[in-house]
Amino acid sequence: MKPRSKATAASIVDPGLEKPLLHLHAANNADSFWDAVQDVIEAALPTCFIGLTLQHNPISPRIAKSTQKLTGSFFPVTAIEKHFNSHPRRNVVFISDFFSDERHFKRSLFYRRCMLPTNGQWAIGLFFWGVRRLLAAIVVVRSIQQGEPSRSQIRLIRRLHTQFQTALGRLRLLERERAERVAFEQFMRRVPLPTALLRWNLRLVYQNQAAAEFCAAWQRGFSGVRFIKLKAPLPPEILDGCRVLKNRWKQLSPLGLAPPILREKTVRHPTRRDLRAIISLKQISSAAVARPHFLVEFESLRGSPNRSRTIAASLSHLARLTKREQHLARLVCDGRSNQEIADTTGLSLETVKKHLHSIFCKLEVPSRSRLIALMR
C-alpha cells in the first residue's frame, strides 16, 4: 500500500481547525458542545452569526442558543416543515431552499427575527437526524458586508457536518449513560446492601447510603452512629485489601484470566470479627483497555435488634449464594432435613450435602442452627 503523503494528510483538516475540533470531540454536555460549535465555525467562517437548536419535537426546538440575543426564535419552523415534507432528512440546506423568492423571504418571521437584526444576507443550516426525528440544527448567517462564502468555504462547512454529527452522537451516548447511572444510583440508595465501587487508583466512584453507614459503624460501632449522620471514609483495612488484589492482578501473565482466588479477598474488622468486607475485581474482559474496578460488599455476620439492619444482613448473605444455594438455604430455615431437601429438589443426598457445605463456608457458619439464626 502506498503511504499517504504529508500534504494529503494535512489537507484533510485545516491546521486552524485542529484545536477547535479537539474541543468539539471533548464536549460532554450541551453547554460545552455549544462553545465548541462556536469555536469551530469561527475558525471556518469568522465573524458569523451562529445559532444552535436542540431537542426538536418533532421540528420545533425546545432549546435554542445564539451568539446574539434575539427577540424571538431564529428557527423558521413553518418553512422547515414544508421543506422537509418534500425533501426529507437533508443534512445541509441553504436559505434559498426554504424560500422561493426574495419577496417571500423578506416577509418571513425568520428574516424579521434573525436576518434583519444581524444584518444577514446569506444563511446555511446544518441538520442532524436521529432514527425518526430531528435532533439538532446549526444555523450560520453572514452579513451583507461579508458577502457570500466561497466554494471552498462551503465545501469545508459540508465536511464539518460529519464532525458535528460524530460529536453529537457521542454527546447523546454520554447523556444516556449519565441518566442511566443517576437512575441506578437512586435505586441503589434504597437497597439495604452496603456496596461501594472504587477505581483502580482507589478513588471512590460510588457508595450507597448503607455503605456510608457501614463505614461509620466500622470505625465507631453501630450504636455510635445510630442517632448521628457521619461521612466516614473507607476503612484503611479495605484500601489495603484492594492493594493486595492490585498486586495479584499485576503479577498475572498478560493474557491470563484471574482465577477466583485472585479476583476476590475477604477483609475483617481488626477487633470485631463479625464485620467483614468482600472485595472483588470487576473487569469487562481480559482484553479491556481500562483496568479493573474494585467492588466492596460489606456484611455483618451477627444479628441485630434493628429490623432494617437485620433485613440488610439477610439480603447480603443471600447475595453471596447461587440461586440453587439460596433455595436450599430457605429449605434449611424451614426445618427440612437433608433427605427431605433431596426429595423436594430432586437432587441426590450427596449433592445436597455438598451444597450445604458450600453454604456453610460462604456464610462462615458451623451448623444448621447458626445458619437459621443468621438468615432470620
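This is a predicted model: local features need pLDDT of at least 70, side-chain atom pairs count only at pLDDT 80 or more; totals for chains, interfaces and linings use all residues.
**Entry 1**

The category follows because buried means under 20% and exposed means over 50%, with partly exposed in between. Glutamine 55 belongs to strand S1, which covers residues 49–56. I noted that its phi is near 55°, a positive value in a residue other than glycine.

I then turned to arginine 89, where phi is near 60°, again a positive value in a residue other than glycine. Arginine 89 sits in the loop between helix H4 (77–86) and strand S3 (92–94). Its relative accessible area is 44%, and I recorded it as partly exposed.

I asked how many of the residues of S1 are buried.

Next I examined the pairing. S1 and strand S5 (residues 134–143) are joined in the antiparallel sense by six bridges. Within this pairing, phenylalanine 49 has valine 141 of S5 as its bridge partner. S1 also pairs with strand S2 (residues 61–66), in the antiparallel sense and over five bridges. Here glycine 51 is opposite serine 66 of S2. I noted that S1 and S2 form a hairpin, with four residues between the two strands.

**Entry 1. The five-stranded sheet**

I traced an open sheet of five strands in the order S7-S6-S10-S9-S8, with antiparallel pairing. Which strands stand at the edges? They are S7 (204–207) and S8 (264–268); each has a single partner strand, so one side of each is left without a neighbour in the sheet. From one strand to the next, the twist averages 20°.

Strand S6 (residues 195–198) and S7 run antiparallel and are joined by three bridges. In this pair, leucine 197 faces tyrosine 206 of S7.

I found helix H10 (residues 236–250) lying across S6, S8, strand S9 (275–282) and strand S10 (293–300). H10 runs at about 155° to S8.

Helix H9 (residues 209–220) was my next item. Its 12 residues reach 16 Å from the first C-alpha to the last, close to the 16 Å expected at 1.5 Å a residue. I listed its buried residues as Ala210, Ala211, Ala212, Phe214, Cys215, Ala216, Ala217 and Trp218. Against which elements do the buried residues of H9 pack? I recorded S6, S7, H10, S8, S9 and S10. After H9 comes glycine 221, and its phi is positive, near 90°.

**Entry 2. Leucine 331**

I located leucine 331 in helix H13, which covers residues 323–333. Is leucine 331 buried or exposed? Its relative accessibility is 6%, so leucine 331 counts as buried, the cut-off being under 20%.

I then looked up its contacts, leaving aside neighbours within four places in sequence: leucine 331 touches Arg336, Ile341 and Thr345. Lastly, I checked leucine 331 against isoleucine 372. The two are 41 residues apart in sequence, and their C-alpha atoms are 10.0 Å apart in space.

Methods
Residues are numbered from 1 along each chain as its sequence is written. Side-chain values use heavy atoms; hydrogens and water are left out. Two strands pair if DSSP finds at least two bridges between them. Axes are lines fitted to C-alpha atoms, for helices over the stretch in contact, and angles run from 0 to 180 degrees between N-to-C directions. Contact means heavy atoms within 4.5 Å. Buried means under 20% relative accessible area, exposed over 50%, partly exposed in between (1.4 Å probe, protein chains only). The expected span of a helix is 1.5 Å times one less than its number of residues.
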